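Here is a short report on a two-chain model. Please keep the sequence and the structure open while you read.

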Amino acid sequence: MTDSKKIMPTIDCVSSMDREAIKNGLSRGASRREVMGWLMAGGATIAAAGSIVSSATSAMAATPKKGGKITFASDLHGPSDTLDPGLGTSTIDYTRARTHYNGLTQFNDDTSTRPELAEEYSANANNTEWTFKLRKDVKFHDGSAFTADDVIYSMGRHYGDKSTSVAKTLVADVTEWVKVDNHTVKAVMAGPNGDLPKILATSNFKMVKDGTSEFQNPVGTGPFKLKSFQQGVRSEHVRFEDYWREGANADELEIFAITDKVARTSALLSGDIDLMQALDPKAVPQIEAADGVGIWSVASGAYIGIAMMSNSAPGNNPDFVLAMKYLQRREKIVRSILKGQGTVGNDQPINVAYGPDFCADLPIRDHDLDKAKFHLEKSGVTEAEIQVAEVAPGTTDICLLMQREAQKIGLTLNINKVPNDGYWGAVWMKTPINVTTWNMRPTANVMMNLAFAPTAPWNDSLWSNDRMGELLIESRAVTDMGLRHEMYCEMQKLIHDESGMIIPAHRNYLDAKSDKIEGITRMPLGSLGGYEWPEFAYRTDV
Amino acid sequence: MQRMVIQRIFIGLVTLWVVSVLVFVGTSVLPGDVAQIVMGQSATPETLAAYRAANGLDQPLYMQYATWLGGMVTGDLGISKAGGASISSLIGGRFGNTMFLAGVVAIISVPLSVILGLIAAMYPATWIDRVLTFGTLSLISVPDFFIATFMVLIFAVNLGWLPAIAHISPEDTMMETIRASAMPLITLIIVVSAQMIRMTRAGILNVMNSPYIEMSILKGVRRNRIIVRHAFLNAIGPIVNVVALNLAYLVSGVVIVETIFAYPGLAKLMIDGVQTRDLPLVQACAMIFCGTYVILIILSDVAAILSNPRLRNPK
């Protein structure tokens, strides 16, 4: 591996001007794919281009500096902020969990996993048992050693009637967590699941100390110790010197939220914060024009969707659903509404960010008024109402565009704007047509299982397809990559053709940062590189 | 006088109780409960039930209210249903922040407004009155978020003199605290002063039309002396009332300024509480705000009576 790398071209092979352009492009949020496109347009081969981009990425991350303080402003916080990993639901919770704790496994930028507190993990032949060998050199912030008991306790918090864990359904198929010895644990599963390491890398499964029941000032194993934490105000973290890895670069971290998006952008521009989450797509030109700051945009599988419930009219009419799907002007939505910070959706939740599981052969459903009109007339529907809350930036505009297109084929589409406040409890999945948004999930299987399995509690449109349910379960046990891809393609086609979900676009995670901060990750499962940055980010001006 | 104050305090307590019932009922008829809001999109019936059981939300409403009232009377504000933090810890620091902001704004804006209002009344229809009238009317018509955002753009983003966010902590030095809170202070001083200046001016000019002022003019008393000695004292009642309402606003209503400057205060806390349907938190904030109004209005009534002996013997 290292040998073959040596003969590949690196970032040093291109002219210094091109080098700057590539680094600039990468740091300003161009995807690897885009930069490779530029290089290949200039005559480089795929392999050479890939190698150059990789070396540029690692050159940029090669020289972290120690010291200084990094200030991060999220978009939401409040009295429900929590340091309990099992209850975390917001970006600020996930970021704090990453700062304070570790997981058994950790995500790479391409959503594959690497060992974290488990130095080694492996499955038995049919993926029904996973064994995790734990590191022996890990200490909690109070000096005590991390052992198998802590894992058993941490995982036990996701089971039982009394568990309030928001992620318990993800590990429900693990029937038992067994302590093999002090540094080995085993997960015994009800059925095969090759994705368990990825599930365990998500925020809700961070490791807490055995017996922890109070989370105002918990001890973790993470790269930072807690200095102060006030819900809805801020938290301060200082570097943990006895960390088991090389450890954090910054001396201190300050995490809070500025809920007003204009104020948040101003604070970044004035240099009062270093990193900000959730940049309004409309503010992209403002950030790009300013000195010392840049956008951090990561293409992801997160999507905005319109759900037509299959249990009521008009969503129970397949022709109406198809007509609505043909109305979508996908390219225009990405270009004008998301300001280019997104990718075209194809009425199914998996996109290129999911890697090999994405079915690229499935043609994009183009805007086609003739087909839309044909299906609408067949369905006999002339009027419909959609409930819209701004669940993700651009949702309302997408619906307004749809309303205009609907008019052209003689459909009166009424838009009822409802507040975000209480939306998920009172409107979502309770009204005939409504909007939804999903963050990207660690695997295509988890994503489709959560939102499209016939039994899923969060099946947005209540679409129930038995074949889909079979495929979801069967594909988990398949180890042959060709067969696996075929099954994933069939699932994506099923959703694309038959479900009540319109998915016009996938949105990038769009954040912004000061040019003085480097080392931010590009993991696409959440804001600011999937919350993975706290340990790796560093200041260039210390 | 004493009897009146005791009476007012009693009425104040009854008001507090009525408000607590109204707020409780009001919050509980909103769609969704704490469990649904906290878990949001990731809720399932089982996790909702577990959350409700763990936080005592499965009890009937009147029992939840009784538990809250019992705790409140004994000085226990309870536990936040949304995050599990004790409400006194949530409120503690923010109460200090809010009082600091309201206090400094009051110390600067009340004398400033009364003096400027007096000056405007002393010289009506002169250039100074016109400048003040024009200035205050313009500022009253401009919403506070506009003033705040505008100041951030100029002083933080373009000039870089002041921080865009108002972070204050007990460890800061006096200078740091002043620098950090300068922009919210100036914004609020502008917002509340404009109204108080106008009310002072109008109150005094109103009294100036009464027969006894005409009498003293006929007797040849100088205009400035009439205003300060005769008109102002009689106008104190309405002025103090406006001042009291503005001070109460500073405690409870400055949510926009708190949001824009990320200043951790009580008003934003209450909004957060309502959004997460966190009844004990909303209740505690409501009690503080209502209590502030009651106290300030009692004080302003007392001040009005002291300045105007006629009010001591109501007909």
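Residues are numbered from 1 along each chain as its sequence is written, chains are lettered from A and ligands numbered from 1 in the order in which they are written, and side-chain values use heavy atoms, with hydrogens and water left out.

**Chain A**

Start with confidence. The pLDDT is the predictor's confidence in each residue, from 0 to 100. Its average over chain A is 87, and 89% of the residues score at least 70. Contact means heavy atoms within 4.5 Å. Where pLDDT is low, the predicted coordinates should not be read in detail.

Chain A holds 18 helices and 21 strands. Both are DSSP runs, numbered from the N terminus: helices are H or I with at least four residues, strands E with at least two. Of the 542 residues of chain A, 58% count as buried. Buried means under 20% relative accessible area, exposed over 50%, partly exposed in between (1.4 Å probe, protein chains only).

Helix H15 (residues 444–452) of chain A is largely enclosed by the rest of the structure, because eight of its nine residues are buried. Among them are Asn445(A), Met448(A) and Phe452(A). The buried residues of H15(A) pack against helices H7, H16 and H17 and strands S13, S17 and S18 of chain A.

Is Met402(A) buried or exposed? Met402(A) is buried, with a relative accessible area of 1%. Met402(A) lies in helix H13 (residues 395–408) of chain A. Not counting residues up to four places away in sequence, Met402(A) touches Ile306(A), Met324(A), Leu327(A), Gln328(A), Ile386(A), Leu413(A) and Ile502(A).

**Chain B**

Chain B has 13 helices and zero strands. Its C-alpha atoms fill a box of roughly 85 × 60 × 35 Å along the principal axes. Of its 315 residues, 47% count as buried.

**Two helix pairs**

Two packed helices are described by the angle between their axes and the distance between the axes. Axes are lines fitted to C-alpha atoms, for helices over the stretch in contact, and angles run from 0 to 180 degrees between N-to-C directions.

| Pair | Angle | Axis distance |
|---|---|---|
| H1(B) and H4(B) | roughly 140 degrees | within 12 Å |
| H10(B) and H13(B) | about 165 degrees | 9 Å |

Angles under 35 degrees count as roughly parallel, over 145 as roughly antiparallel, 65 to 115 as roughly perpendicular and the rest as oblique. H1(B) and H4(B) are therefore oblique to each other. In this pair, Trp17(B), Ser20(B), Val21(B), Phe24(B) and Ser28(B) of H1(B) meet Leu61(B), Gln64(B), Tyr65(B) and Trp68(B) of H4(B).

H10(B) and H13(B) are therefore roughly antiparallel to each other. Their contact includes Leu233(B) and Ile236(B) of H10(B), and Phe289(B) and Thr292(B) of H13(B).

How values were computed. Predicted model: local features only at pLDDT ≥ 70, side-chain atom pairs only at ≥ 80, totals over all residues.
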